[in-house]
Amino acid sequence: MSTAQLETAVIDRSLREADPEVARELTGELGRQRSELSMIASESYTHWAVMEAQGSVFMNKLAEGYAGLRYSAGCDHVDAVERLAVARAKSLFDAEHVNVQPHSGAQANAAVYDALLDPGDTILALDLAHGGHLTHGMRLNFSARFYHCVAYHVRPEDSLVDMEEVERLAREHRPRLIVAGWSAYPRQLDFSEFRRIADEVGAYLMIDMAHFAGLVAGGVHPNPMPYADVVTSTTHKTLGGPRGGMVLCRGEHAARIDTAVFPGQQAAPLAHTIAAKAVAFKIAAGAEFRDCQRRTVAGARIIADRLSTPDVAAAGIKVLTGGTDVHLLLLDLRESELTGRQAEDRLQEIGISVNRNTIPFDTRPPLITSGLRIGTSALATRGFTAYDFTAIAEVVASALLPGPDVLELRERVARMADKYPIYQALSADLD
């Protein structure tokens with residue numbers, strides 16, 4: 001066999017032929033996702049078309065720069081898909097400018113800080129333990145190392161963001177940037193009030209919609225664009241696209257944002273991920289996606305209602321804020337027999353994935369926690385209706401109450417998973 005023939009043979013090998021160990025783990029993960037139910041708030045099931053684009057030949061293309069301004073040849077098709085992604089995102093969120101190159105939500109946030117701030121400037125954002133994000137000022141994160149981060153909190157009596165404290169801290173610290181956004185908060189934020197406070201102290205307003213971008217696209221959550229100078233987001237979670245980020249902004253900030261992304265934060269973009277983002281934005285503009293987002297929010301409310309009933313409350317389990325407006329709810333287990341970790345393990349035992357989560361005023365360490373975060377985006381994407389969410393709410397409640405019948409609950413979860421199969425086009429052995 002010639003060298004050229006050998007190279008062709010290698011390049012055309014399937015994953016199972018080239019690396020059976022990784023193929024085995026992928027096969028196992030496919031089986032897990034098919035047989036279990038994901039209720040992790042930051043997860044969903046992306047569309048098959050998105051995965052096709054993500055795993056495409058665009059992966060081979062170096063495309064440093066922006067569409068029409070690349071630093072290498074052969075970028076016509078990459079330019080076309082990036083322009084599609086930008087145009088679709090602008091239309092979807094009514095944005096004046098969009099940069100789709102950030103590799104993650106964290107890099108999108110870093111680019112905004114780089115574009116609008118100088119090192120040492122003050123950022124006012126929601127405390128991580130109260131529902132914020134690592135990049136909003138967690139002490140070990142770059143955001144706290146490079147900038148002076150001041151945290152606002154939720155009120156102890158109702159776990160809602162304390163807007164009086166936001167205003168007081170803004171007047172006291174005169175931040176250059178105020179961040180409105182969260183990773184574990186079950187209510188909509190008052191964007192207009194954040195805008196008023198930002199204007200009063202001369203601050204930029206950044207809204208991080210990483211968790212609720214899909215709800216915005218689906219018309220079941222207010223669009224932050226009219227209120228913010230800059231909006232950042234991931235492109236997965238409720239949006240259902242590939243893992244990545246984006247920045248949306250007013251036109252006046254476009255040049256600074258683009259420069260901060262490239263060359264400021266990263267070099268060549270991931271062309272295959274941008275193609276997948278373009279596909280996700282097109283799907284998100286459709287009627288089926290809007291219906292999915294309606295079911296997502298309705299499902300979260302159904303579960304919150306079930307977990308607010310007297311039998312659950314008697315077991316020491318509390319739904320924070322009394323319910324939810326979005327795709328997730330938070331449980332306070334401080335008076336329960338369970339820690340967050342024990343509750344996560346118990347649900348995993350019956351085939352439901354959730355995540356333990358620190359809650360406001362938690363006294364347990366982050367690896368244990370007194371909270372549980374439950375999301376509905378993945379199940380709605382899978383096809384769950386109000387009837388199904390009512391059934392899964394009962395399963396979750398039964399699992400968290402004392403003395404659950406684990407075997408019976410596992411069988412009920414398996415039947416629900418079988419009712420809504422996923423990725424049927426993908427063979428079980430990944431040929």
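**A helix and its surroundings**

Tutor: Cys75 is buried, at a relative accessible area of 4%. Buried means under 20% relative accessible area, exposed means over 50%, and partly exposed lies in between (1.4 Å probe, protein chains only). Cys249 is also buried, at 0% relative accessibility. The structure holds 0 disulfides, a disulfide being a pair of cysteine sulfur atoms within 2.5 Å.

Keep in mind that this is a predicted model: local features need pLDDT of at least 70, side-chain atom pairs count only at pLDDT 80 or more, and totals for chains, interfaces and linings use all residues. Residues are numbered from 1 along each chain as its sequence is written, and side-chain values use heavy atoms, with hydrogens and water left out.

Now to the part itself, helix H12. It covers residues 271–284, which makes 14 residues. Helices (H or I, at least four residues) and strands (E, at least two) are DSSP runs, numbered from the N terminus. From first C-alpha to last, H12 reaches 20 Å, close to the 20 Å expected at 1.5 Å a residue. The expected span of a helix is 1.5 Å times one less than its number of residues.

How enclosed is H12? Of its 14 residues, 11 are buried, so the rest of the structure largely encloses H12. Among the buried ones are Ala271, His272, Lys277, Phe281 and Ala284. They pack against helices H4 (48–54), H5 (76–93), H10 (213–217) and H13 (287–306), and against strand S10 (245–249). Two of these neighbours deserve a visit.

Take H5 to begin with. H5 has 18 residues and reaches 26 Å, close to the 26 Å expected at 1.5 Å a residue. Two packed helices are described by the angle between their axes and the distance between the axes. H5 and H12 pack at about 35°, with axes 8 Å apart. Axes are lines fitted to C-alpha atoms, for helices over the stretch in contact, and angles run from 0 to 180 degrees between N-to-C directions. The crossing of H5 and H12 is left-handed. That term applies if the near helix is turned anticlockwise from the far one by less than a right angle, while right-handed means clockwise. On the H5 side, the contact includes Val78, Val81, Glu82 and Leu92. On the H12 side, it includes Ala271, Ile274, Ala278 and Phe281. Contact means heavy atoms within 4.5 Å.

H5 has buried residues of its own, including Val78, Asp79, Val81, Glu82 and Phe93. H12 is part of what covers them, as are strand S2 (65–66), strand S3 (69–70), strand S4 (97–99), H10 and S10. Just after H5, Asp94 takes a positive phi of about 55°. Most residues other than glycine have a negative phi, and most peptide bonds are trans.

A nonpolar core is a set of buried Ala, Val, Leu, Ile, Met, Phe, Trp, Tyr and Cys residues joined through side-chain atoms within 4.5 Å. This core has 55 residues, and Phe93 and Leu248 are among those that touch the most other members. Helix H9 (residues 191–201) gives the most to this core, with 5 residues. A second, separate core has 39 residues, including Met39 and Val406.

Next comes H13. Its 20 residues should span 28 Å at 1.5 Å a residue, and its end C-alpha atoms are 29 Å apart, which agrees. Buried residues of H13 include Phe289, Cys292, Gln293, Arg295 and Ile303. H13 also packs with helix H17 (residues 386–400), at about 35° and with axes 9 Å apart. The crossing of H13 and H17 is right-handed. Arg295, Gly299 and Ile303 are among the H13 residues in this meeting, with Phe389 and Glu394 among those from H17.

One last stop is helix H11 (residues 254–265), where Pro263 is found. A cis peptide bond joins Phe262 and Pro263, with omega about 10°.
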